[in-house]
Amino acid sequence: MSFLRFAVRRLAEMAATLLGASFVVFGAMYLAPGDPASFLLSGRSASPQALAAIKAQYHLDDPFFVRYLHWLGDIVRGDFGRSITYRTDVSRLLADRLPTTLLLVMMALVVVAVIGLALGWIAAVRGGGIDSTVLVGTTLAVGTPSFVAAVLLQGLFAVKLGWFPSSGAGDGFGDELWHLTLPAIALALYLIGMLARVTRSTMLEALDSEHVTVARSRGVPERQVIRRHVFRNSLGTVLTTGGLIVSTLLICTILVETAFSIGGVGQLLELSTTTKDFPTVQAISLIIVALFMAVNLIVDLLLPLVDPRIALGTRSTSV
Amino acid sequence: MTAVLTRRPGLSRIRAAGPPLYLICLAFVALVTTAALLASWLAPYDPNVVDLGNAMAAPSAEHWLGVDAAGRDTLSRLLLGARTSLLGPLGVVVFSTLAGVAVGMAAGWRGGWLDSVLSRSTELVFAFPGMLLAILIIAVYGEGLLAPVVALSIAYLPYVSRLTRSLVLAERKRPYVNAYQVQGHSALQICLRHILPNIAPVVLAQSTINFGYALMDLAGLSFLGLGIPALTPDWGRMVFDGQTAIQHGYPLSAIWPCVFIVLTVVAFNVVGERWADHVARRTP
């Protein structure tokens, strides 16, 4: 299969899954007992005008599928509706908060990639005591939910030692980096454990393979064997975890941002869930799902370039 | 057998933990379960009695593990919290295992359109992280443990059904299935009485690993104040309550639930991994 045909097919698949996901996100509203208008207002007293506005915005007088198509059409045009709690456009709310969350996720991603790969590499190559230490450490990390890490780091480094601020997102880029350091580490901890384990086990597998023995017997320096024949070979498997890593980071921002009261998209999702601000919940859910699928698509397209042994599309699409 | 246990990548292909660690983890699982079962007899105090005069007191003979920012006994809250913290994941695991085995078996045995419909919907569920699906459903239904448990069960179902499907496909090719078919046993009978016992150990190992993940997800949700009702003691909620105490320089009431969450998840992971490795080694 040619690369282009594969890319088009995956894109179409992604669009189909996204359509299904949007249907789930839209249809969830109708699981609520009672009439959708009163659910959307969720107990708030509404003037007849407000009720009429809600009915007009959600096309509540139309049949179900017409409503869905209207809603979908608005979203494709970037209109996520109006937040019931904040009384502004959801797209405005998101635009204000998205940069902070994306910076946080990026910082955590860098931490995960650098430390996770390094730990896995060292554990696989050195073995012995270092390997056991890394195994014990990653076993604990994989069992630590991000909110536990957030609360413990906050207690130690922000409250007790006072090295970092305990809440807020800061003003200006440098200040923001400083404010987001602890949250990024809390977000990364679980995934560092996961990535280190994947790296370690795939590198060990590669170390056992014949081409490594051949390279060694031909006198290739050990450093080069590890870099070009072991690490390079395990990179494909490591890359397949990319989609899972990004979606875990995105969903865990809700916990970490709440713990550190960072006014990003994660905290907005928490607030809008507790206040039953459904349009906002729908928008954020859709964005997370879309980002997850986009990353998975990129991974699928990059995979044959990183690891030519993997034929296009032979990996199952979900990790 | 070609089927491989579909573990999350972090736990795949690690070498089995040594026997001592496995035994310690098994003992810890037994301890926490017993404590949860006997909680109402073991707890020295009512977990919800507020004693503001005694707030944030250090551990003492009366309160072994100290009290929290509202003067509630930490030990009693931990014990009764173990109930909700373990009951939720148990519900998720039981439901996702039963439904996942049914779905996976139907897909593996029947094949055809049923199989492709099921694998399409599996892909859709994979696109929703479990927490997100739970939040979406909580936003509709509001308070209560049932909504997040059902949502997480649906999110965990594909892990079980995909595994079951591949196991059933492998079993179908084995001669004993043919032998029963020739003897005129019905498909349902062969599946339930002969295939199910053969694939059960692998599925159970997967479900044990899922337990730890479900515990983390549910504790996270209750940390956010979503799902579990306000007055029910729960480890995730205790971490949230403890955050205020931390700000006042009294971290103990937050540290205890954190420790128990981490140790319980690690224990379930190690036990599940050990079983999985054991099963993998046994099959040719």
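**Spans and domains**

Q: Which residues of chain B does UniProt list as "transmembrane region"?
A: The unreviewed entry lists residues 21–43, 86–109, 121–139, 145–164, 211–232 and 252–272 of chain B. Take that as a record: UniProt positions are in the numbering used here, feature names are shortened, and annotations may be inferred rather than shown by experiment. This is a predicted model, where local features need pLDDT of at least 70, side-chain atom pairs count only at pLDDT 80 or more, and totals for chains, interfaces and linings use all residues. Residues are numbered from 1 along each chain as its sequence is written, while chains are lettered from A and ligands numbered from 1 in the order in which they are written.

Q: How do you know how much of residues 252–272 of chain B is helix?
A: Helices are DSSP runs (H or I, at least four residues) and strands are too (E, at least two), numbered from the N terminus. Residues 252–272 of chain B come out 100% helix and 0% strand, with end C-alpha atoms 30 Å apart. For residues 211–232 of chain B the values are 59% helix, 0% strand and 21 Å.

Q: What makes domain 1 and domain 2 of chain A separate domains?
A: The bounds come from an automatic or database domain assignment, which gives 3–88 and 90–310 of chain A. Their centres, taken over C-alpha atoms, are 31 Å apart.

Q: Which residues count as the contact between domain 1 and domain 2 of chain A?
A: Residues pair up if their C-beta atoms, placed from the backbone, lie within 7 Å. That takes in 22 residues from domain 1 of chain A and 21 from domain 2 of chain A. Helix α1 (residues 3–27) of chain A gives the most to the domain 1 side, with eight residues.

Terms used
Two residues are in contact if their C-beta atoms, placed from the backbone, lie within 7 Å.
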